[in-house]
Amino acid sequence: MTAPRPRSRRKLPSPKVPVILVSGVEEAAMLSATVSLQFGLPDTVMVRHVIDPSRQLLTRIVSDIGGVVEHEEINLAHACVACAIREDIVPTLERLAVQGRWASIVACLPVAAEAIQVCRVLSWAPRMAPHISIAAVVAALEGSTVAEDLLGPDLLDERGLATSEDDRRGVAEVASAIVEYADVVCITETPEPEEHSLVATLAQPRTPVVTDPSLLDAAGLVAGVHRHHAVEAWVAEVRRNPLPPLPEGGAWRLDLRSERPIHPVRFQEELEILGGGPRRSRGCFWVPTRPDDICVWDGAGGQASVGSTQKWGRTERLTRIVVVGIDDEADQIPLAFERALLTDQEIAQRGQLWEESWDGLEDWLGPIGRAA
């Protein structure tokens, strides 16, 4: 009789430890959300990172229900969010997961750090942290300053929130992006109806908006609600799908869309109307002098940034900017958008692809890289 063949044995992979990321621009609001989640998950560990750009110092505090586990200060070569994430935040999450002491992790990111940076690092380089998974992303807002934080003109450094000495980002730019990427928005108190509507309009469709940190569903979040590809599609620079229905409550939204390019000179003439005022705007456009480049628009609180890092390739070119606000001066924005587009006469005379060596957008987009 032939002896039975031995069965091959393979060690099954250990389940990943779920991580909830908390981000925001107000430290007290972030801590309220973090503490609520920690109390709702007794078998969890909390990690908090604080950046001091003036001292190039990163402070890490790790605690669980029994008290402080770690309290360490780390010198950074460059005290910025990207360095902190690469050099300590992601490695710390992985290290704590490997220890096997806790069933979940709640990570309170540095103030004004965006969770998207952590999620993209894990997506692009999963081997950096193979034992963790992002279960949920929480955006924490101060209820008494919702409109000011999402649409106001303040810069981060004016509030003492800059993450590096050369951080010139606006508070509204960061806060709006944080809300747009979140799986749940936690507000410390009930805001005005139009502010609640503003948050719901910026956030992904069907994103819960909780107006009391104690009401956060910690167990539901740690079970896993983050869908990386879905949220990336929502925050994408080029969005082709229809927008969801506008939430009730008073916020308005303009979907400015055209297949035509924007005139590079008139674009600058209309900037004050397109990007000014207490509004959030983002999207993409193209110009006839740079037909290969995806031009990116990112505006909030009366400030706008324009850049280009990708190419259209085989995809159809698109000009689409979505503007959200709660003020009563939205009427001029669509008119300014139409004025900025190429006219029928310009298209008839020159087409939509222009061969130019200069177009006035060099300060934003750099020199023209190719002739059309």
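Modeller: Happy to. Axes here are lines fitted to C-alpha atoms, for helices over the stretch in contact, and angles run from 0 to 180 degrees between N-to-C directions. Contact means heavy atoms within 4.5 Å. Helices (H or I, at least four residues) and strands (E, at least two) are DSSP runs, numbered from the N terminus. This is a predicted model, where local features need pLDDT of at least 70 and side-chain atom pairs count only at 80 or more, while totals for chains, interfaces and linings use all residues. Residues are numbered from 1 along each chain as its sequence is written, and side-chain values use heavy atoms, with hydrogens and water left out.

Colleague: Great. What does helix H5 lie across?

Modeller: H5 (residues 171-181) lies across strands S10 (279-285) and S11, running at about 75 degrees to S10. Helix H11 (residues 332-340) packs on the sheet too, touching S9, S10 and S13 (319-325), and its direction makes about 10 degrees with that of S9.

Colleague: And what's the strand order in that open sheet?

Modeller: The order is S9-S13-S10-S11-S12, with antiparallel pairing; two strands pair if DSSP finds at least two bridges between them. S9 (252-258) and S12 (303-311) are the edge strands. From one strand to the next, the twist averages 10 degrees.

Colleague: How many bridges between S11 and S12?

Modeller: Seven, in the antiparallel sense. Asp-298, for instance, has Ser-305 in S12 as its bridge partner.

Colleague: Which residue stands opposite Arg-60?

Modeller: His-49 does. S2 and S3 run antiparallel, joined by seven bridges, and in their hairpin Gln-56 takes a positive phi near 50 degrees. On to S4 (residues 67-75): a hairpin of two residues leads there from S3, and the two strands pair over eight bridges.

Colleague: Last one: which residues touch the most others in the largest nonpolar core?

Modeller: Val-19, Leu-21, Leu-93, Ile-105 and Tyr-181, out of 36 residues. Such a core is a set of buried Ala, Val, Leu, Ile, Met, Phe, Trp, Tyr and Cys residues joined through side-chain atoms within 4.5 Å. Beyond its neighbours within four places in sequence, Leu-93 contacts Val-19, Val-47, Ile-105, Ala-107 and Ile-132.

Terms used: Buried < 20%, exposed > 50% of the residue type's maximum accessible area, 1.4 Å probe, protein only.
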